[in-house]
Protein chains: 2
Amino acid sequence: MSNDKKKNKSGVEDLPLMQKIVALCKRRGFIFQSSEIYGGLRSAYDYGPLGVELKRNIMNEWWRQTVHEREDIVGIDASIIMSPRVWEASGHVAGFNDPLVDCKLCKSRFRADKAPQVGIDAEVEYRKQGKTIVGVAERGYVCPECGSVELSEERQFNLMFKTDLGPVKSDDSTVYLRPETAQAMFVNFLNVQQTYRLKLPFGIAQQGKSFRNEITVEHFIFRSCEFEQMEMEYFCEPEESDTWLDYWKDQRYQWYIGLGVRPENLRLRPHDSDELAHYAKACYDVEYKYPWGWDELEGIANRTDYDLRNHQRASGKKLTYFNPQKVNPETGKPGMHYLPHVIEPAAGATRSVLMFLVDAYDEEPPSEGRKDGRVVLRLHPRIAPIKAAVLPLVKKDEWLTGKARDIVKRFWKNSVNAFYDEKDAIGRRYARQDEAGTPFCITVDGQTKEDDTVTLRYRDDMRQERIKVDEAVAIVEAKTRE
Amino acid sequence: MSNDKKKNKSGVEDLPLMQKIVALCKRRGFIFQSSEIYGGLRSAYDYGPLGVELKRNIMNEWWRQTVHEREDIVGIDASIIMSPRVWEASGHVAGFNDPLVDCKLCKSRFRADKAPQVGIDAEVEYRKQGKTIVGVAERGYVCPECGSVELSEERQFNLMFKTDLGPVKSDDSTVYLRPETAQAMFVNFLNVQQTYRLKLPFGIAQQGKSFRNEITVEHFIFRSCEFEQMEMEYFCEPEESDTWLDYWKDQRYQWYIGLGVRPENLRLRPHDSDELAHYAKACYDVEYKYPWGWDELEGIANRTDYDLRNHQRASGKKLTYFNPQKVNPETGKPGMHYLPHVIEPAAGATRSVLMFLVDAYDEEPPSEGRKDGRVVLRLHPRIAPIKAAVLPLVKKDEWLTGKARDIVKRFWKNSVNAFYDEKDAIGRRYARQDEAGTPFCITVDGQTKEDDTVTLRYRDDMRQERIKVDEAVAIVEAKTRE
């Protein structure tokens with residue numbers, strides 16, 4: 001049946017890139033639709049055996065470089081359900097809204113600010129899809145589904161998920177699922193600073209789930225209601241905040257490059273003054289060239305003292321930092337209490353998973369050394385779900401399988417995630433590992449019996465070389481750290 | 001002021017153990033009350049810089065040993081909000097209830113099944129607290145707060161948090177925060193099995209947050225509304241399930257022992273037939289001797305095919321496993337479709353954090369080598385938040401601080417979490433690291449300049465030895481893996 005489908009020269013069905021990625025994710029066990037046997041749930045996804053390792057590796061790399069390998073940053077892990085007063089003070093209860101509109105004709109529901117705008121590029125794109133605008137668009141936009149101008153009033157829809165804590169439902173019982181991890185760092189600012197007696201500048205970092213009741217979900221896992229963040233709040237002297245914004249935008253850009261992202265697909269874009277959030281003095285987006293165009297991956301914002309000031313006011317608790325050296329302009333003497341300013345690099349972990357998959361995806365036509373084309377995920381070894389697959393050439397030879405399992409255990413002993421596979425011919429096993437992004441395959445064969453060597457096969461260029469069994473772990477470790 | 005408080009011979013204020021643990025957690029930055037500046041939120045806690053590392057280490061150890069270092073188990077990471085049909089099929093919507101009662105006298109609200117029962121041990125304990133039972137307890141229990149028998153009717157309260165997905169609230173929009181991670185493994189059973197072509201027996205593992213709207217929260221982080229789980233579903237031949245239950249109860253017991261838990265504080269307790277959950281054929285609890293007595297840490301249950309059968313019925317999707325070898329008794333020929341049985345080791349990650357803290361807590365009176373008493377957390381090096389603290393003896397000597405920072409970087413390069421500290425006298429720094437559970441301190445001093453050696457100080461016995469700088473990383477790594 002699949003022979004009827006049109007294939008390209010790499011042997012891959014000729015589909016838009018995103019469809020290929022989604023199919024690969026399901027086929028290899030990266031990402032499944034959530035609750036699939038029940039028809040799925042809007043925008044919810046489950047990470048399969050490879051996906052969970054990829055996500056963990058990305059997040060662990062961030063944690064290692066952001067928290068462990070710096071003297072000036074510590075981590076926290078706060079609860080998802082926080083006091084509702086946090087979200088009142090932060091402005092989310094009053095203002096974390098999207099403008100929601102219903103189409104009276106086709107009954108679809110959409111965001112006014114994302115609808116096709118009459119008279120500009122969006123309309124051109126819209127007409128290209130073969131859709132027609134019906135009537136005069138007095139409001140400047142039309143229904144994205146049917147082009148109608150018969151629309152309900154815009155109403156403000158708050159994106160926070162609400163639930164009730166405690167057995168009796170009342171106004172007092174309302175709590176929210178956090179829409180961002182950032183506020184926990186502000187609320188815990190003094191506890192952390194005092195416990196560790198941290199001096200400016202210092203950062204507090206957190207990873208975890210956040211929830212937004214998005215009206216529009218799109219692009220696979222790119223915009224979903226449940227997602228994972230990697231955020232850091234860097235507290236600094238107010239007069240140094242511009243310098244630190246510069247520093248962090250470069251650091252964060254380099255983090256992606258260091259994990260192998262192609263520079264031509266990555267850019268830093270400063271926000272125009274009219275697109276800046278109300279809490280930000282300046283902001284850069286790290287943008288990636290997704291299959292649908294440049295879009296956000298991470299934001300690095302100068303939030304000034306906006307958040308600490310809000311929480312100080314709302315809680316009635318002093319959140320100032322004391323600097324015994326700084327000269328207080330009011331007294332002319334050293335010793336000053338003040339609110340630090342904050343630079344926030346806020347990265348999407350879920351978006352990073354998608355970005356790394358897209359960036360790593362590659363197809364190769366048949367070549368001299370290989371009669372079939374192949375799909376290969378060129379993931380950086382540091383984030384690849386499996387670092388080394390160990391393959392006995394013949395499944396029925398117990399010496400080979402025993403030796404291969406022995407090698408796998410050597411990797412495990414060094415905390416390197418290795419994978420044993422004996423199913424199918426060696427070529428198909430290589431192909432599976434290429435699609436899984438495994439950078440190194442180690443094959444145990446007849447020659448191993450004679451000289452204790454194995455074949456090391458490189459994912460990216462399919463080069464093979466003979467190495468000693470005793471060197472296998474060290475070689476893979478060294479190449480992973482490169 | 002603290003001098004007025006009565007101290008024991010280790011120099012620690014004389015308080016019940018749990019109070020000391022809570023105080024240590026706050027003092028050293030393990031665990032803070034959530035949203036503290038707003039007066040906190042019922043049973044919600046935030047992990048500080050040390051707590052987040054401890055929790056991560058415990059969970060990573062579980063993942064490494066359960067998923068990475070076994071051929072037969074793979075991991076997943078499912079969404080917290082799943083299709084509501086999952087929870088209808090699992091029985092949680094209809095049956096995940098606690099019996100809730102209001103006291104008409106003091107207005108407190110409590111669980112009927114946890115209230116002091118008249119005529120048994122609980123009553124004795126209750127009277128010991130100086131409380132009196134008021135009236136005749138026709139229902140067999142009394143108000144835990146005031147002893148009143150004037151109580152409201154019992155009503156069933158569902159423990160799942162509800163919220164609404166999508167911009168319009170309706171019956172169709174209701175979704176739940178998962179009350180356990182387990183169901184995602186059943187719902188994804190076939191996707192995972194087929195992707196990896198797994199053969200029985202095999203397991204699917206997951207870690208993550210779950211939520212229960214508990215009527216009674218208690219014992220610090222032990223019972224809270226938001227908590228973290230480490231669950232694994234092990235699918236096996238129906239006739240082998242008893243054997244695998246035996247296997248897993250031993251494995252899981254040994255896992256805790258291997259991470260240094262004192263055997264006298266840990267036990268396996270089989271459930272009596274009358275306490276078994278309706279879905280379980282047999283169950284063991286791993287129990288720990290907490291300061292309030294023996295209580296649950298993990299449950300290992302034989303869930304038979306209860307869950308797969310429920311989801312197969314409710315979804316209308318076949319969830320059977322195909323075994324080409326097994327002889328079908330109906331046909332007498334090889335080749336059979338059937339539902340596997342399931343052994344579930346379900347551990348509480350949040351409870352583990354508390355358990356490891358309690359088990360590691362120790363106090364020592366002054367000794368020959370030390371004039372002050374001390375508090376020390378004897379955490380296993382594998383789960384200790386910081387593996388090695390590197391301390392320049394004198395802060396003002398730039399050679400020493402530079403050398404210490406150089407050593408810290410060597411640890412980082414090998415992915416060992418090391419910590420640089422130059423604040424205060426060396427004795428106070430050691431004391432801080434003892435309370436943080438750091439197994440090794442490395443001190444850089446004048447002699448280092450001469451012979452490139454440092455002092456390695458052991459947390460547990462405060463023994464000190466001189467080692468070469470070049471050996472520091474390898475020694476700490478080896479002792480951590482021991």
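Axes are lines fitted to C-alpha atoms, for helices over the stretch in contact, and angles between N-to-C directions run from 0 to 180 degrees. The model is a predicted one, and in it helix α1 of chain A (residues 17–28) packs with helix α10 of chain A (residues 349–360) at an angle of about 110°, their axes being 11 Å apart. Since angles of 65 to 115 degrees count as roughly perpendicular, α1(A) and α10(A) are therefore roughly perpendicular to each other. On the side of α1(A) the contact is made by L17(A), M18(A), I21(A) and C25(A), and on the side of α10(A) by L354(A), L357(A) and V358(A). The residues of this contact between α1(A) and α10(A) comprise seven nonpolar, no polar and no charged.

Chain A also holds an open sheet of seven strands, in the order β3-β9-β10-β16-β13-β12-β11, with mixed pairing. At its edges lie β3 and β11 of chain A, each of which pairs on one side only. From one strand to the next the twist averages 25°. Helix α2 of chain A (residues 49–68) packs on the sheet, where it touches β3, β9 and β10 of chain A, and its direction makes about 160° with that of β9(A).

| Edge strand | Residues |
|---|---|
| β3 of chain A | 73–75 |
| β11 of chain A | 266–270 |

Between β3(A) and strand β9 of chain A (residues 202–211) the pairing is parallel and extends over three bridges; G75(A) has A205(A) in β9(A) as its bridge partner.

How values were computed: Residues are numbered from 1 along each chain as its sequence is written. Chains are lettered from A and ligands numbered from 1 in the order in which they are written. This is a predicted model: local features need pLDDT of at least 70, side-chain atom pairs count only at pLDDT 80 or more; totals for chains, interfaces and linings use all residues. Side-chain values use heavy atoms; hydrogens and water are left out. Two strands pair if DSSP finds at least two bridges between them. Helices (H or I, at least four residues) and strands (E, at least two) are DSSP runs, numbered from the N terminus. Contact means heavy atoms within 4.5 Å. Angles under 35 degrees count as roughly parallel, over 145 as roughly antiparallel, 65 to 115 as roughly perpendicular and the rest as oblique. Ala, Val, Leu, Ile, Met, Phe, Trp, Tyr, Cys and Pro count as nonpolar, Asp, Glu, Lys and Arg as charged, and the others, Gly among them, as polar.
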